[in-house]
Amino acid sequence: MATTTTIEDVPSVELMTELLRRAKCSSKPDKRIILVGPPGSGKGTQSPLIKDEYCLCHLATGDMLRAAVAAKTPLGIKAKEAMDKGELVSDDLVVGIIDEAMKKPSCQKGFILDGFPRTVVQAQKLDEMLAKQGAKVDKVLNFAIDDAILEERITGRLIHPSSGRSYHTKFAPPKTPGVDDVSGEPLIQRKDDTSEVLKSRLEAFHIQTEPVIDYYSKNGLVANLHAEKPPKEVTAEVQKALS
Ligand code: ADP
Ligand code: AMP
């Protein structure tokens with residue numbers, strides 16, 4: 001049976017850390033950021049840094065869908081087949097989960113959308129959802145990278161499923177092989193992180209998601225990053241684009 005934690009049970013040091021974080025965050029401006037890029041372009045790697053600096057929530061539709069698949073929820077059952085094949089799941093499914101997720105208290109200062117919107121229809125729906133709250137997208141970071149670089153990144157990726165943290169056997173190895181640095185739990189390889197499934201995922205990106213970049217370019221919201229550079233250089237470009 002699941003246990004519920006009450007505030008009395010939270011250790012004082014954690015409460016203090018959270019209070020200090022909230023005090024620091026109260027002076028930050030709201031930001032709504034979208035990360036667009038093919039699988040393996042580094043969106044998930046850069047997200048925690050942006051999240052902490054700007055006090056935003058990180059909403060990765062791929063992570064949410066994988067959690068739903070693992071829990072065999074009705075949403076997960078509907079999404080699994082398309083995900084296994086490297087195809088996009090239906091717009092209605094992902095728009096529904098983003099609409100719900102954006103209401104979380106952790107999204108009060110804004111959000112980083114990682115892997116959403118992936119079609120122009122999703123982008124239009126997002127604009128409609130935000131317009132209802134009198135809000136809009138502030139920046140779209142385009143993780144531009146050549147397809148040829150992605151196979152090695154994807155086939156060497158290891159993830160910690162419950163946090164979404166990603167590692168790489170060669171480019172970002174964990175301190176102990178196969179183990180998450182923070183929790184000590186085992187890392188796994190995603191089922192769709194194979195050369196074969198990557199082909200379909202890249203096709204979906206070029207056909208269905210690249211038009212999203214054009215959609216936001218018209219409003220002058222897109223910053224193009226050199227996502228093939230080493231992680232620290234990409235972080236510097238992200239910081240420049242958001243400053
Ligand atoms: P995405 O979220 O865009 O699918 P990830 O951030 O998970 O991509 O990165 C894919 C893989 O490439 C991961 O294993 C990650 O450790 C590694 N990686 C991310 N950014 C870089 C980079 N700039 N240079 C080399 N490897 C990287
Ligand atoms: P990702 O973790 O971003 O690589 O996403 C993994 C898989 O989840 C994709 O290949 C799609 O099947 C599905 N997915 C994630 N985000 C979306 C989205 N915005 N629209 C449609 N399908 C998505």
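In this predicted model, Arg-157 reaches ligand 1 through a polar side-chain atom placed 2.7 Å from an oxygen atom of the ligand, a polar contact in the sense of a pair of N or O atoms within 3.5 Å. A polar side-chain atom of Ser-166 stands 3.3 Å from a ligand 1 oxygen atom, and a polar backbone atom of Gly-40 is 2.8 Å from an oxygen atom of ligand 1. Of the 560 Å² of accessible area that ligand 1 has on its own, the protein covers 92% (Shrake-Rupley method, 1.4 Å probe). Helix H2 (43-54) and strand E6 (165-168) are the elements that each supply two or more residues to this shell; helices are DSSP runs of H or I with at least four residues, strands runs of E with at least two. The shell holds 18 residues, counted when a heavy atom lies within 4 Å of the ligand.

Nitrogen atoms of ligand 2 lie 2.9 Å from a backbone N or O atom of Gly-115, 2.9 Å from a polar side-chain atom of Gln-122 and 3.1 Å from a polar backbone atom of Val-89. The protein covers 95% of the 480 Å² of accessible area that ligand 2 has on its own.

Residues are numbered from 1 along each chain as its sequence is written, while chains are lettered from A and ligands numbered from 1 in the order in which they are written. Local features need pLDDT of at least 70, side-chain atom pairs count only at pLDDT 80 or more, and totals for chains, interfaces and linings use all residues, with side-chain values based on heavy atoms and with hydrogens and water left out.

How values were computed
Polar contact = N/O pair within 3.5 Å; in protein donor to acceptor, adjacent residues only side chain to side chain.
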